[in-house]
Amino acid sequence: MHHVGVLALDGVLPFELGIPARIFGAARDGAGEKLYTVTTCSLDGRPVRTEADYDIAVAHDASLLAAVDTLVVPPSHALGPVREEGRLPGALRDALAAVRPGTRIVGICTAAYVLAAAGLLDHRPATTHWREADRLQRMFPATRVDPDVLFVDDGDVLTSAGVAAGVDLCLHIVRRDHGSRVANDVARSCVVPPWREGGQAQYIRRPVPEPGATGIAAAQAWALERLAEPLALADLAARAAMSVRTFTRRFSDEVGTTPGQWLVRQRVDLARHLLETTDWPVDVVADRAGFGTGVSLRRHLHASVGVTPQAYRRTFRPDVTAAGP
């Protein structure tokens, strides 16, 4: 069973601290067996002061981290020299140094400072809460900070934006490990959306959108029912009763991405679902997902998750051997 370790630092935010146990703890295989075990520790095994008006007792100290498969570091409002100077205190430095090579490391929100101070984000893409993005970039210029996305998956090191974006990232990890069916079941169990569209751009304070912006949601719902059909930007704009220029601008403001990027994401997600749940040939999956040809599906799927359709299917449906490369 995959072991997830959670490192609670003084000043930890209780909501984010609870995300890994809630999301990974809800993941089950087809037989109802748990797929992850989640264990929380502090640096010294003593109770941790939280950002709220209570402390949290833990059962383990940081020696736990040498045995975990995934390490999650939730954010803290008391990072001290980590955030102010980009320097790890001795105990935290020693704890991270004991993590085994190959361990997947996840930083939620401002825990990106911890990962960056440890050198784990050098020359890598990363994100954090949009309010902290500029500061993180200035302090760690070798890190490629993206302030707009909800999370960044760079293989063995992953980071998320603030608060609920930690839920998005943990669901993404479940989806990456076990496929969309398991991740969707977890989302339903936790009563959260399995995938949130756009990025942090939609949460940054901006002038109030002009009246009528709700037409974007109607156009999205209309498109989701017709992913297999050719969908032009003009069609979506007409559904929202807007000009193409106005629709494109408002879509970017509300959703945090362009209409074209959003549409590709929906089609990739549909294709992944079909690859996991059917034995249709790749060309049929491509047609039903709106990509038209297997060549187009292979290009977009590889850009999204780094594998071919058949390799993806073998990961989540090893019993299926469908036609097509």
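What is the relative accessibility of Arg176, and as what does Arg176 count?

Reply: Arg176 counts as partly exposed, at 31% relative accessibility. Buried means under 20% relative accessible area, exposed means over 50%, and partly exposed lies in between (1.4 Å probe, protein chains only). The model is predicted: local features need pLDDT of at least 70, side-chain atom pairs count only at pLDDT 80 or more, and totals for chains, interfaces and linings use all residues. Residues are numbered from 1 along each chain as its sequence is written, and side-chain values use heavy atoms, leaving out hydrogens and water.

Now the partner. Arg176 meets Asp153 in a salt bridge, 2.8 Å from N to O. That term means a side-chain nitrogen of Lys or Arg within 4 Å of a carboxyl oxygen of Asp or Glu. Asp153 sits in strand E9 (residues 151-153) and Arg176 in helix H6 (residues 165-178), so the pair ties together parts 23 residues apart in sequence. Helices (H or I, at least four residues) and strands (E, at least two) are DSSP runs, numbered from the N terminus. Asp153 is partly exposed as well, at 28%.

Elsewhere, shared partners join Arg83, Glu84, Glu132 and Arg135 into one salt-bridge network. Within it, Glu132 pairs with Arg83 at 3.1 Å, N to O. Glu132 lies in the loop between strand E7 (125-126) and helix H5 (133-139), and Arg83 in helix H2 (residues 81-85), 49 residues apart. Glu132 is buried at 15%. Arg83 is partly exposed at 25%.

One more pair: Glu85 bridges to Arg87, with the closest N and O atoms 3.1 Å apart. Glu85 is exposed at 52%, and Arg87 is partly exposed at 42%.
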